[in-house]
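Good morning, and thank you for coming. Please have the sequence and the three-dimensional view open as I speak.

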Amino acid sequence: MGETFAYKEYLAGLLAGVATVITGHPFDTVKVMLQKHNTEAHGIKYKNGLHCTARILQTEGVKGLYRGATSSFVGVAFESSLLFGIYSQTKQSLQGGGQSDVPRPQVIIPSAAYGGAIISFVLCPSELVKCRMQIQGTDSLVPKFSRYRSPLDCALQTVKNEGVTGIFRGGFTTLLRESIGNAVFFSVYEYVRYYMHLQLKPTLSDHSNLTDMGIGIVTGGLSGVAFWSAVLPLDVAKTIIQTAPDKSSTSNPFAVLNSVRCPVPLFLLIPIALPGSNTRAMFSKL
C-alpha cells in the first residue's frame, strides 16, 4: 500500500512538472527577462510584464517565450517528481506510520523544507542553463558570437569555462528559495485543503473528482501566491547570480539584493511568476 502511494506521488509530481513547463514557461521567460534587464545598469528597461512580452513577440515570435524550455522539461519534471515523492515519504516517516487528516506544522514544514533542499541540487543546474538561454533575446547585451547554440551547448561551455562547480552557481540561493518556498507552499496547501474539505463535508456527502480538482486549483493558486510572496527576492538574486558574465562576481544573495535597483517593484513580478505553481497541487492527489 505504501509503495503504491509513493509511486502515485512520484508520478503526480512528474505530470505536474511537465504541465508546469507547458503552461508556465512563457511567464517564466518574462520574469527572468525583467529580473535581468531591469536590474542592470545598461540596456533596455521594460515598463512591465506586458511590455516585455510584447517586445519578445514582436522581435522573436512565440518561440522566444519558450527559450530554454528544453532544460526546463528535464529539470522541472524530475524535480517535481522528486519533490512530491520525498515530501510524502518524509511526512509519513515523521508521522510514525500513522495517518492523520489534520495538518501538523511540525510534520509539514520539515518535510517540505527537506524535499526543497534535496531538489535544489537537481534544479540549480537546469535553472542556470534555462536562465542563460532565456536572456539571449534580441534585447540581450550578450554578444551574438558568444551566445549558446542550445541548452546542451550552454551546459558544456559552462563546465568548460567555469569548471563543474560553475554549473552549480547560485546553488545556495536555490537551496534557500526551495526549502523556504516549499515549506510555505505545502503549509498553505495542506491547511487550505483541509479547511475547504471541512467546510464542504456537511453539504457534500460524496466528493466528486470535479470537486477535488476545484479544491486543488484553489489551494494550488493560493499556495503559489504564498510561495512567490515568500521567496521572490531570492529568485531575483538567483537570476542575477546565475547570469552574471563575470564568474568571480559575488554569489551572496543578500549582497546581490542590497545592490539591486529595480524600477519594477518585486511584488509586481508575483503574477508573472505564479502560473505553473497552481499545477503542482492539481496533480498531487492522483
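Let me begin with a term: a residue is called buried when its relative accessible area is under 20%. By that criterion, buried residues make up 49% of the 286 residues in this protein. Please bear in mind throughout that the model is predicted.

The protein has 10 helices and 0 strands. Of the contacts in the protein with a separation of 6 or more, 79% are between residues 24 or more positions apart.

Which residues touch the most other members of the largest nonpolar core? They are Tyr87, Ile119, Phe186, Phe227 and Trp228, in a core of 19 residues. At least two residues of this core come from each of α3 (69–94), α4 (105–134), α6 (171–200) and α7 (209–243). The helix that gives the most is α3, with 5 residues. Apart from this core lies another, made of 8 residues, including Val30, Met33, Tyr46 and Leu65.

Phe186 deserves a separate look. Setting aside neighbours within four places in sequence, Phe186 is in contact with Leu83, Phe84, Tyr87, Ile108 and Ala112.

I come now to the way the helices are arranged. In general, two packed helices are described by the angle between their axes and the distance between the axes. For α3 and α4, the axes come within 8 Å and cross at roughly 165°. An angle over 145 degrees counts as roughly antiparallel, and α3 and α4 are therefore roughly antiparallel to each other. Their crossing is right-handed.

How far apart are the axes of α4 and α6? The distance is 7 Å, and these two helices pack at an angle of about 140°. On that basis α4 and α6 are therefore oblique to each other. Here, too, α4 passes α6 in a right-handed crossing.

The remaining pair is α3 and α6, which pack at an angle of about 65° with their axes 13 Å apart. The crossing of α3 and α6 is right-handed. On the α3 side, the contact is made by Glu79, Leu83, Phe84, Tyr87 and Lys91. On the α6 side, Glu178, Asn182, Phe186 and Glu190 take part.

Is Gly116 buried or exposed? Its relative accessibility is 0%, and Gly116 therefore counts as buried. Not counting residues up to four places away in sequence, Gly116 touches Leu83, Glu178, Ser179 and Asn182. Between Gly116 and Arg177 there are 61 residues of sequence separation, while their C-alpha atoms are 8.2 Å apart in space.

Finally, I consider the annotation. An unreviewed UniProt entry places the feature "transmembrane region" at residues 65–87 and 107–124. In the model, the chain over residues 65–87 is 83% helix and 0% strand, and the C-alpha atoms at its ends are 31 Å apart. Over residues 107–124 the chain is 100% helix and 0% strand, with 26 Å between the end C-alpha atoms.

That concludes the presentation, and I shall be glad to take questions.

How values were computed:
Residues are numbered from 1 along each chain as its sequence is written. This is a predicted model: local features need pLDDT of at least 70, side-chain atom pairs count only at pLDDT 80 or more; totals for chains, interfaces and linings use all residues. Side-chain values use heavy atoms; hydrogens and water are left out. A nonpolar core is a set of buried Ala, Val, Leu, Ile, Met, Phe, Trp, Tyr and Cys residues joined through side-chain atoms within 4.5 Å. Buried means under 20% relative accessible area, exposed over 50%, partly exposed in between (1.4 Å probe, protein chains only). Helices (H or I, at least four residues) and strands (E, at least two) are DSSP runs, numbered from the N terminus. Contact means heavy atoms within 4.5 Å. UniProt positions are given in the numbering used here, feature names are shortened, and annotations may be inferred rather than shown by experiment. Axes are lines fitted to C-alpha atoms, for helices over the stretch in contact, and angles run from 0 to 180 degrees between N-to-C directions. Angles under 35 degrees count as roughly parallel, over 145 as roughly antiparallel, 65 to 115 as roughly perpendicular and the rest as oblique. A crossing is left-handed if the near helix is turned anticlockwise from the far one by less than a right angle, and right-handed if clockwise.
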